[in-house]
Amino acid sequence: MRVLIVSGSLRSNSLNGTLADWIAAVAEDEGRSTELETVVVDRLTLADVSAPNYDYDVEVASGLPPGPRRLADALEQADAVIICSPEYNASMPGALKNVIDWVSRLRPQPFAGQRGLLASASPSLIGGNRGLWALRVPLESLGMHVHPTMYSLSRANEQINDPRFLDSGTGQRLRALVHHFLLEAHHLRNLQVAHR
Ligand SMILES: Cc1cc2nc3c(=O)[nH]c(=O)nc-3n(C[C@H](O)[C@H](O)[C@H](O)COP(=O)(O)O)c2cc1C
């Protein structure tokens, strides 16, 4: 099973990048310990896939820029996608929405039918959860099966660099969620392939 993990921050030392590291470790463990076949994790950051602001004229003249093209290719390869995104002003980062807009222009549209889990980390008490509700809207509108439960880590700056993070209560909750998501994504993917 190929799992694409995208961190939606441009900065180095990103809390969401570190959350993505933990999720990658959990996903690889899942591949060793459950009925899933081996889990192969592909990683991308927003820096890998970002692009100038969407502009129809640019699209007509030169097509998709390299960053969104890279995300679209990775989506095509993936059986499941996990996005770790910061919350900016109670919504998603504009740069992330811009990449989604670019990728949505391709046909077949790469988010359609894809299986997704959303996660966030923030120093705040809400943990960036409002940003994930905003992020769900374009992804669901594009036909992604977004997992009903989302993971938001509050006071992430105090917890996420602890080497025993996964043993904490919030870390165990992350493990359980990734476990359920990957199993569901695995079965949904097989169902979709069988009914193609
Ligand atoms: C423009 C901007 C707006 C922000 N708005 C919020 C917000 O609404 N809620 C929140 O929890 N944190 C907010 N933050 C703080 C981010 O959660 C914090 O910078 C976090 O570290 C960003 O994620 P990253 O570490 O992965 O880059 C905001 C930060 C910036 C730069």
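Student: Which residue forms a salt bridge with Glu-140?

Tutor: A salt bridge is read from the distance between a side-chain nitrogen of Lys or Arg and a carboxyl oxygen of Asp or Glu, which must be within 4 Å. The model examined here is predicted. In it, Glu-140 pairs with Arg-136, and their closest N and O atoms are 2.7 Å apart.

Student: Where do Glu-140 and Arg-136 lie?

Tutor: Both belong to helix α6, which covers residues 129-141. They are 4 residues apart, about one turn of the helix.

Student: Is Arg-136 buried or exposed?

Tutor: The general idea is that a residue under 20% relative accessible area is called buried, and one over 50% exposed, with partly exposed in between. Arg-136 has a relative accessible area of 9%, so Arg-136 is buried.

Student: Which residue meets Asp-162 in a salt bridge?

Tutor: The side chain of Asp-162 meets that of Arg-164, with an N to O distance of 3.5 Å. Asp-162 is partly exposed, its relative accessible area being 28%, whereas Arg-164 is exposed at 57%.

Student: Let us turn to the ligand. Which residues around the ligand come nearest?

Tutor: One begins with the residues that have a heavy atom within 4 Å of the molecule. There are 14 residues around the ligand, and Ser-9, Arg-11, Ser-14, Glu-87 and Ser-122 come nearest. The shell is made up of 5 nonpolar, 6 polar and 3 charged residues.

Student: What lies 2.6 Å from an oxygen atom of the ligand?

Tutor: Polar contacts are read from pairs of N or O atoms within 3.5 Å. The distance of 2.6 Å belongs to a polar side-chain atom of Ser-14. A polar side-chain atom of Arg-11 is found 2.7 Å from a ligand oxygen. The backbone takes part as well: a polar backbone atom of Ala-90 is 2.9 Å from an oxygen atom of the ligand. The ligand taken alone exposes 610 Å², of which the protein buries 70%.

Student: Which residues of the largest nonpolar core touch the most other members?

Tutor: Such a core is traced by joining buried nonpolar residues through side-chain atoms within 4.5 Å. The largest one has 33 residues, and those that touch the most other members are Ile-5, Leu-19, Ile-23, Tyr-151, Leu-174 and Leu-182. Several elements supply at least two residues each, among them β1, α1 (15-33) and α8 (169-194). The largest share, 8 residues, comes from α1.

Student: Where does Leu-36 lie, and is Leu-36 buried or exposed?

Tutor: Leu-36 is in the loop between α1 and β2. Its relative accessibility is 4%, so Leu-36 counts as buried. Separation in sequence and in space are read as two values: Leu-36 and Pro-65 are 29 residues apart in sequence, and their C-alpha atoms are 35 Å apart in space.

Terms used. Residues are numbered from 1 along each chain as its sequence is written. This is a predicted model: local features need pLDDT of at least 70, side-chain atom pairs count only at pLDDT 80 or more; totals for chains, interfaces and linings use all residues. Side-chain values use heavy atoms; hydrogens and water are left out. Buried means under 20% relative accessible area, exposed over 50%, partly exposed in between (1.4 Å probe, protein chains only). A polar contact is a pair of N or O atoms within 3.5 Å; within protein, one must be able to donate a hydrogen and the other to accept it, and residues adjacent in sequence count only if both atoms are side-chain atoms. Accessible areas come from the Shrake-Rupley method with a 1.4 Å probe; for residues, only the protein chains shown count as cover. Ala, Val, Leu, Ile, Met, Phe, Trp, Tyr, Cys and Pro count as nonpolar, Asp, Glu, Lys and Arg as charged, and the others, Gly among them, as polar.
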